[in-house]
Amino acid sequence: HHHEYNALSNALINYLKKVDTSILRKDSEAYLFLENIMDSPFRDTFLIVDFNYTDSVERILASLGIAENEIQDRIKKVHGTLKSGNIIFGVEDGRNFKEEDEYDFLRKSSNRDYGREVDVSSVMIMAREVDVFGSSMGQTDERHFEDYFANRRTRSSPERPQNFNLYYHGDDSLRRLEARISALTLRGKSGFKTNTTFNPIPLAE
């Protein structure tokens, strides 16, 4: 089974490497979002926590005139990169298998680079502004968000006010994201919204 997992991982890497990320659409929501950061008060302090394997974000920042060394400082890749040849994918530890030992390799935590990635919740807790763009905050990644939402649903920090900007495509998308916030706050969404400035931001469909 483990050999099959490695084969699947390699197949995914090879497939994604064929995706052409060199063509940048400057009218895309992602490009405009990052361009706006360059014109914001956060230009010199922003940090991008990237769940993608590809270098799309790096390419956009380069096209916006950001130097290579700064790009490396500004982006933290959570799931590894195609360039490294080692991507982290699978299920979270809470998932149960009938044959635990036989399928343990399917857990993300079995990856040799697991745990080296950025502490997403700590970054979010300390930020003056959090922008959730292109993420469903789904169950496969929820451990990255749990501590943040637990912290923000119970703790108001007047000396550290925070904007929480949630980007969404259409009403169904917003409903799903709101449901995820309810789950991540253990149904304490009202406390979370009280302790942050909550801003749902619609994107063009």
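Let me begin with a term: a residue is called buried when its relative accessible area is under 20%, exposed when that area is over 50%, and partly exposed in between, with a 1.4 Å probe and protein chains only. What we have here is a predicted model, in which local features need pLDDT of at least 70 and side-chain atom pairs count only at pLDDT 80 or more, while totals for chains, interfaces and linings use all residues. Residues are numbered from 1 along each chain as its sequence is written, and side-chain values use heavy atoms, with hydrogens and water left out.

Now to the aromatic rings. Rings of Phe, Tyr and Trp (its six-membered ring) pair if their centres lie within 6.5 Å, and the planes count as stacked under 30 degrees apart, as edge-to-face over 60 and as tilted for the rest. Searching the whole structure gives 12 aromatic pairs. One of them joins Phe133 and Tyr167, edge-to-face, at 5.5 Å centre to centre and with 65° between the planes. Phe133 lies in the loop between strand S5 (129–132) and helix H7 (146–154), and Tyr167 belongs to strand S6 (residues 163–168), so this pair ties together parts that are 34 residues apart in sequence; helices (H or I, at least four residues) and strands (E, at least two) are DSSP runs, numbered from the N terminus. With 16% relative accessibility Tyr167 counts as buried, whereas Phe133, at 26%, counts as partly exposed.

Next come Phe149 and Phe164, whose ring centres are 6.0 Å apart with the planes at 70°, so this pair is edge-to-face. Both Phe149 and Phe164 are buried, and together with Tyr148, Phe192 and Phe198 they form one aromatic cluster.
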